[in-house]
Amino acid sequence: MKKLLFLTLCLLPFAFCLAQTSTRTYLTDPLLAPREHNVDFQHLKLEVSFDAPKSLVKGKVTHYFTPLRPKIDSIVLDGINMNIKEVTVNGKPAKFRNDSENVIIYTPSLTWEKKDSMTIAYECVPRSGLYFIGWNDKTGICRRQIWSQGQGIDNRNWIPMYDEMNDKITTEMFATFDTAYKVLSNGKMLDKKNNKNGTYTWHYKMSHPYAPYLIMLGIGKYEIKETKAASGLPMHLYYYPDWKNRVEATYTLSEKMVDFYDKEIGIPYQWESYSQIPVQDFMFGAMENTTATVFGDFLFCDEHSALDRGYYSVNAHELAHQWFGDFVTARSDAHHWLQESFATYYDWLFEKEYFGKDQFDWTRRGAQNNALDESLKNKFPIAHSEAGSVRHYPKGAFTLNMLKYVLGGREVYNKCIKYYLQQHPYGNVDTEDLLTACEEVTGMQLDWFFEEWVYKGGEPAYKVSYSEVSDAGKNSGSFSEFTVMQTQPQSEITGLPQSGGAETNAVSNDPFVQEINKSAPTPAGLWKMPIWFEVHYTDGTTDKKQVWIQKQTEIVHLAIPVGKKVEYTLFDPDNNVMKSVSFKKSFDELKAQATKAENMLDRYDAVNAMEDVNMEQKRDFLISLYINSDKTKFHAIKAEIIKQLSHENNKQSMEVLRTALKDPDVKVRKAVLDNLKTLPQELLPDVENLLKDPSYEVVLNVLEFLSFANSEKIQFYLDQTKDIEGNPGRIVKIKWLEIASMSNEKYTDQLVSYTSNAYEFRTRVNAINSLKKLNHLDANEIEYIVDAMLSANSRLANPASATLKNFYEQLHYRRQIINYVESKEWKPWESKIIHAVVK
């Protein structure tokens, strides 16, 4: 009943206050509309084989389609640098032409709304979309793989196709390759044919339509862990045979994720199976290809690297995409947030379920901070193709949580999302579809929310002040008075549009609604949200009130019961609304909030606000809070206390840091290391003990820190860590070699070898950066760095280019680099990359 009452009282005013709008202004989006096409593609059949050492694709693709118009004389397919061998339409040879980007097929005899087909035989050597890993490694160290990455529009590099998200298809794949390798593609594996020539042909087929960018192929040497979700869903978890000891740490909770989403979303997983496969040199974190997620093997963690970054967050994110992105897919890039924001948010919800509310809240706070920082650069909205990752991922996820808050909670929100999915099974959606679903389920008018949080950019900024005011009309009693000012720069592309006031004939006895009806016109750029105000008293009781904050300045009153004393106050407790806020409080208020507030974020904010308090005034409180209070169990609060106490060399403060260095939470141990500018002698033994820490990142940081802070013991530190490799990217080993090379140049040879294509990209980047610090360059290194510059993986190519430029700008290295470049013959695209540095 409380929820129903809240919705009735708080959402009713919007029927009045948005009654008139004079202007609505949006940033232009060149990718707002979906791409035009003249046929409806329905099924794609691909027969493909490879000459892996040459990175050559040999394919035959058949498209089944229906014309959408009465007269069609040609069909344009996407196809990058394709060598087209033959084209047939409905089994008959067809004329075609192609250039570096398209394949145009002439189709004079098509019949409107009649199903047709066309088959294209082709070859290509793709630079994107499909990647051949390890086939040019002469040492045999590197893994040999072939894998695809289609998002956003890269599958066109190895399949001539209509490569856009707004026309969904079913697929089947016939992939032929060496019998020593396993092959994975979308859907169910129907057959594995032995061709008697050392190859298998693997046949996969999808039974439901999905977007073409989600077509995938993965080939490599793998073993598979077979498991099932509670629903019976078959799950195939791929791993390298030599990494079997990492399987449990990597795939932990995978089955429980499916179970959680089935229940939370209300619609069970909608595909025939689910696979996950790690690949080397993946340029992103992972990719949610329908039924088959590909992820970077740098996320395949052992029990140590899992402490630094486990796979579970990416795992949960990509799984959520099977509903949000695969089952329903954005109609155009302007609505990309409907995929990434949902996947991000449902990962948050899963982590909340299994790791607790504090982690969920801290993730929300990080999202808010990132969004506020991004808004300093520009004011793109979430629903815009140029919004960027911060808005498409964390800000959009936070916005969904605010939508849940405005709708009245989990039950109503879940009902809306289930309905939204049910209305568009295996279809395309845009933001209006989500808005419509929420309005149809609840009967609420939610245009205002989508207007300010989805279609407009920026975030509100509030300046809040509090005072206790005597009630002049009553001899006894007083009230709490909050003054809230919106201080963000006002603009037509942020917040709500200019409102002409609330002119309405509606009658209401609710004084709040009556006040809304009297409201003056409001300028563009103000936000409107329901915000809670809380007053906490010294006797442990609380008064609270939710108010729509929408004007430039608002004053909110709560009566103070006779005999009660206010201890501290909260504006938007638990940070439900994305915002920046300035709310000055006394040290006594902050102490009470830090120890007594229910929500971790409110306690954290109180401690964080003590940053400007004199150390003599706050030291004893912070130490006591760290040691004695159960309110500081979460790592973020501990880290904030550590940061403030590390500013001085006080004996009691050092004892807290010593305790923190032994904290079971690796994030707390890292917080001490991050805040130590110098090494106090009394902490030396405790820091040295961390050379045996289970976290690779802790060992890395301690090794580097001690080697410079206590250089006379470098050899001892190297001896302690000589057998630790450190995943991902051999982080400890490479740092070890870097430090050892400062006194013995023989170790540079191994560093140089790590820059070669025998190793995955993170190892190569780490080695390149170490050699740059050492200012070491030799002939082998030049060859390896130039090879890295030519990688399709920008996370390798960019640091390699920056490093070669650094050496090239040094005269004593320049001639050596020029001589190497001039000694080789380069393809035009290679020459362009190299000569951007070597001029």
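This is a predicted model: local features need pLDDT of at least 70, side-chain atom pairs count only at pLDDT 80 or more; totals for chains, interfaces and linings use all residues.
Residues are numbered from 1 along each chain as its sequence is written, and side-chain values use heavy atoms, with hydrogens and water left out.

View 1. Helix α11 covers residues 431–442, where helices (H or I, at least four residues) and strands (E, at least two) are DSSP runs numbered from the N terminus. Because the expected span is 1.5 Å times one less than the number of residues, the twelve residues of α11 should span 16 Å, and the 17 Å between its end C-alpha atoms agrees with this. T431, D433, L434, L435, A437 and C438 are the buried residues of α11, buried meaning under 20% relative accessible area, exposed over 50% and partly exposed in between, with a 1.4 Å probe and protein chains only. The cover over these buried residues includes α7, α9, α10, β22 and α12. At the start of α11, a side-chain oxygen of D430 comes to within 3.2 Å of the backbone nitrogen of E432, and just after the helix G443 has a positive phi of about 75°.

**View 2. The crossing of helices α26 and α28.** The axes of α26 (residues 779–789) and α28 (residues 811–822) come within 10 Å and cross at roughly 60°; such axes are lines fitted to C-alpha atoms, for helices over the stretch in contact, with angles from 0 to 180 degrees between N-to-C directions. In α26, the residues A779, I782, E783 and V786 meet Q816, I817 and Y820 of α28, contact meaning heavy atoms within 4.5 Å.

**View 3. D572 in a loop.** D572 is found in the loop that runs between β28 (566–571) and β29 (580–583), and its 2% relative accessibility is why D572 counts as buried. A polar atom of the D572 side chain lies 3.2 Å from the backbone nitrogen of N576. When residues up to four places away in sequence are not counted, D572 touches I531, W532, V577 and K579.

**View 4. The enclosed helix α15.** Seven of the nine residues of α15 (residues 600–608) are buried, so this helix is largely enclosed by the rest of the structure. The buried residues are M600, L601, D602, R603, Y604, A606 and V607, and they pack against α8, β28, α14, α16 and α17.

Definitions and conventions. A polar contact is a pair of N or O atoms within 3.5 Å; within protein, one must be able to donate a hydrogen and the other to accept it, and residues adjacent in sequence count only if both atoms are side-chain atoms.
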